[in-house]
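Trainee: Hi! Could you go through this structure with me? I'd like to start with a helix and then jump around a bit.

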Amino acid sequence: MNILGLSFYYHDSSAALVKDGVLVAAAEEERFSRLKHDSGFPELAIEFVLKTAGLTIHDVDYVVFYEKPFVKFERMLISAMSTFPRSAAVFRESMQRWISDKLWIKSMMSKRIGISSSKILFADHHMSHAASSFFTSHFEESAILTVDGAGEWSTATMGVGRGNKIEIIKELRFPHSLGLLYSAFTAYCGFEINEGEYKLMGMHPYGTPRFTDKIYEMIDVAEDGSIWHDMKYFAYHYSRDSTLTDAFGEHLGRPARDPKLGDKSLDPFYCDMAASIQVVTEEILLKMITYLHKETGLENLCLAGGVALNSVANYKLLVRGPFEDIYVHPAPGDDGGAVGAAYWAYNHLLDQPRGPALGTAHLGSEYSDEEIQAFLDKHDIAYEKIEDDEEFFDYVARALADGKVCGWFRGRFEWGPRALGSRSIIADPRKPEMKEKLNAKIKFREAFRPFAPSVLEEAAPEFFDFDAPTNGTQQYPARFMLYVTPVREDKRSVLPAITHEDGSGRLQTVVKETNPGYHRMIERFGELTGVPVIMNTSFNLKGEPIVEHPSHAFNTFSLSGMDLLFMNNYVVHEKAKKKIAETKFVLRHEGDTITELVS
Ligand SMILES: [Fe+2]
């Protein structure tokens with residue numbers, strides 16, 4: 001049975017294909033369209049997942065959309081009516097969009113995909129989140145917590161997964177929302193919502209949480225973690241342009257930080273605010289899971305929803321919370337809704353048996369040696385190929401140890417927002433200057449942004465305060481870079497480029513079975529240096545989607561300060577850099593040294 005799951009019209013449009021219970025392919029549209037957070041119909045992603053599964057649309061049994069448009073519309077309508085006339089502008093605008101587009105998704109999908117509308121199903125937004133996590137987890141039975149900005153009405157749900165069924169037992173409803181509270185602080189600190197949440201999280205170790213009491217004055221929190229906002233501080237329920245009211249800044253002591261100030265420097269006041277909202281978020285989540293544990297008596301927890309991207313909180317929930325093991329899907333945000341919708345239909349609705357646990361995020365496209373070589377030859381790019389794998393990995397490890405910053409393009413690209421060793425920029429974490437070099441010359445981004453380490457799973461406990469799969473746990477979130485753990489104190493000076501301000505690191509544990517080439521290269525680096533850890537950041541420039549095709553990789557390499565580019569076993573040196581035009585690559589960038597490339 002073949003199920004196509006889709007998520008679109010909000011942000012990060014995606015497609016996923018579940019074939020007889022196995023997730024065979026999943027990808028965000030932005031990788032192909034080259035539009036960051038592309039929210040349009042995921043035409044290219046659909047084409048990709050079908051091709052990968054060896055199917056045409058005629059082989060698909062059901063297409064499942066990740067939410068229920070009419071219920072969401074009802075929520076928007078009721079919110080707009082209850083806040084009229086303040087909501088008049090947003091009401092007009094969203095009516096136009098909903099009535100022309102969003103409400104008629106079924107007939108639009110039927111036409112664009114070429115499938116009978118009787119084969120199109122709709123899952124509930126938070127059920128899609130819950131299903132994305134539970135049905136791809138290794139748990140036969142688990143408690144489930146989903147927390148995001150807002151779905152239809154729900155903004156958080158608690159549930160239980162058993163075998164092939166999920167039951168939602170409790171929900172928190174719009175406009176009260178932990179995700180929207182975090183986003184409100186993202187906006188308050190001068191970052192863009194749905195984009196800047198990572199920056200806020202990355203900024204928190206630079207501040208002290210001295211505003212937690214002030215934040216708690218703006219909300220009520222119950223023992224089960226339910227929250228009620230004092231709506232005089234918030235505007236998101238009636239405004240499209242602003243999330244906060246003036247009262248928000250008045251209450252906290254300063255107005256919202258002007259986003260135009262950019263994000264290159266850190267203002268201590270807003271760093272303290274980032275630290276405060278991080279603590280409040282963790283405390284509320286901890287209340288939620290403590291309650292959920294008590295109610296269900298279960299040992300395992302599946303997390304999903306955009307808030308589960310808060311990898312700092314995830315690890316604290318593991319350490320301080322009551323659950324033995326936690327699973328988070330590699331794409332816990334709305335992109336992951338495509339996977340969840342497909343699994344909800346397959347397992348829950350159609351009563352099919354569970355498939356295998358998802359131990360890997362490598363679900364995207366890949367390129368063969370022939371394709372890479374054809375690309376290099378076509379553009380007269382000088383290269384060498386190191387045929388022997390051992391020799392190649394040794395070459396890469398030595399280049400890293402020698403201080404080279406390298407592009408690494410190998411295997412199927414990653415599902416979800418994190419680069420996990422298929423489309424990565426890599427460097428030596430032992431060199432303190434690497435953080436600055438990568439931020440300034442390669443990523444063209446804020447100096448405070450931390451970099452993540454990729455560590456062999458078997459070596460993780462030596463460098464991080466983290467039990468790699470032991471105590472009966474699988475620690476999948478660390479495979480997907482969804483835990484921030486302390487770097488062991490004696491290793492902080494060994495790993496200065498990946499140790500964050502507060503001594504933590506957002507580790508990715510690398511597993512031999514799912515990413516053998518990346519694993520062996522890091523292992524070789526460890527043999528040479530005694531440190532089987534490398535620095536890993538996504539292969540893109542600031543504001544760009546992660547690279548998908550060799551042309552994106554080569555152009556990113558050419559436009560940045562990278563020293564070497566590895567695509568499969570091909571090596572491209574710095575002197576081969578040049579500008580090439582290639583379809584599907586659009587680089588519109590304002591950075592100092594980046595120029596318009598192709599359109
Ligand atoms: Fe969501």
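Trainee: Which exposed residues does the face of α3 turned away from its buried side carry?
Mentor: Those are Met81 and Ser82. Keep in mind as we go that this is a predicted model.

Trainee: And which residues of α3 are buried?
Mentor: The buried ones are Pro69, Lys72, Phe73, Arg75, Ser79 and Ala80. Seen down the axis of α3, they fall within an arc of 155°, so they line one face of the helix.

Trainee: How far apart are the end C-alpha atoms of α3?
Mentor: They are 20 Å apart. Helix α3 covers residues 69-82, and at 1.5 Å a residue its 14 residues should span 20 Å, so the two values agree.

Trainee: Okay, new topic: sheets. What is the strand order in the open sheet?
Mentor: Eight strands make up the sheet, in the order β13-β22-β21-β14-β15-β20-β16-β19, and the pairing is mixed. At the edges are β13 (384-385) and β19 (508-510), each of which pairs on one side only.

Trainee: Let's zoom in on β21. Does β14 pair with β21 in the parallel or the antiparallel sense?
Mentor: Strand β14 (residues 406-409) pairs with β21 in the parallel sense, over four bridges. Across that pairing, Trp408 stands opposite Phe566 in β21.

Trainee: What about β21 and β22, parallel or antiparallel?
Mentor: β21 and β22 (residues 570-573) run antiparallel, joined by four bridges. Leu565 stands opposite Val572 in β22, while the bridge partner of Phe566 in β22 is Val571.

Trainee: How many residues sit between β21 and β22 in the hairpin?
Mentor: There are two residues between them, and Asn568 in the turn has a positive phi of about 45°.

Trainee: Is Arg410 buried or exposed?
Mentor: Arg410 counts as buried, because its relative accessibility is 16% and the cut-off for buried is under 20%. Leaving out residues up to four places away in sequence, Arg410 touches several others, including Asp389, Phe392, Phe393, Asn568 and Asn569.

Trainee: Last one: where is Asp465 found?
Mentor: Asp465 is in the loop between α17 (460-463) and α18 (476-479). With 36% relative accessibility, Asp465 counts as partly exposed.

Trainee: What is Asp465 in contact with, leaving aside its neighbours within four places in sequence?
Mentor: Asp465 is in contact with Tyr315, Thr485, Pro486 and Arg488. As for Asp224, which is 241 residues from Asp465 along the chain, the C-alpha atoms of the two are separated by 29 Å.

Definitions and conventions: Residues are numbered from 1 along each chain as its sequence is written. This is a predicted model: local features need pLDDT of at least 70, side-chain atom pairs count only at pLDDT 80 or more; totals for chains, interfaces and linings use all residues. Side-chain values use heavy atoms; hydrogens and water are left out. Buried means under 20% relative accessible area, exposed over 50%, partly exposed in between (1.4 Å probe, protein chains only). Contact means heavy atoms within 4.5 Å. Two strands pair if DSSP finds at least two bridges between them. The expected span of a helix is 1.5 Å times one less than its number of residues. The arc is that of the directions from the helix axis to the C-beta atoms.
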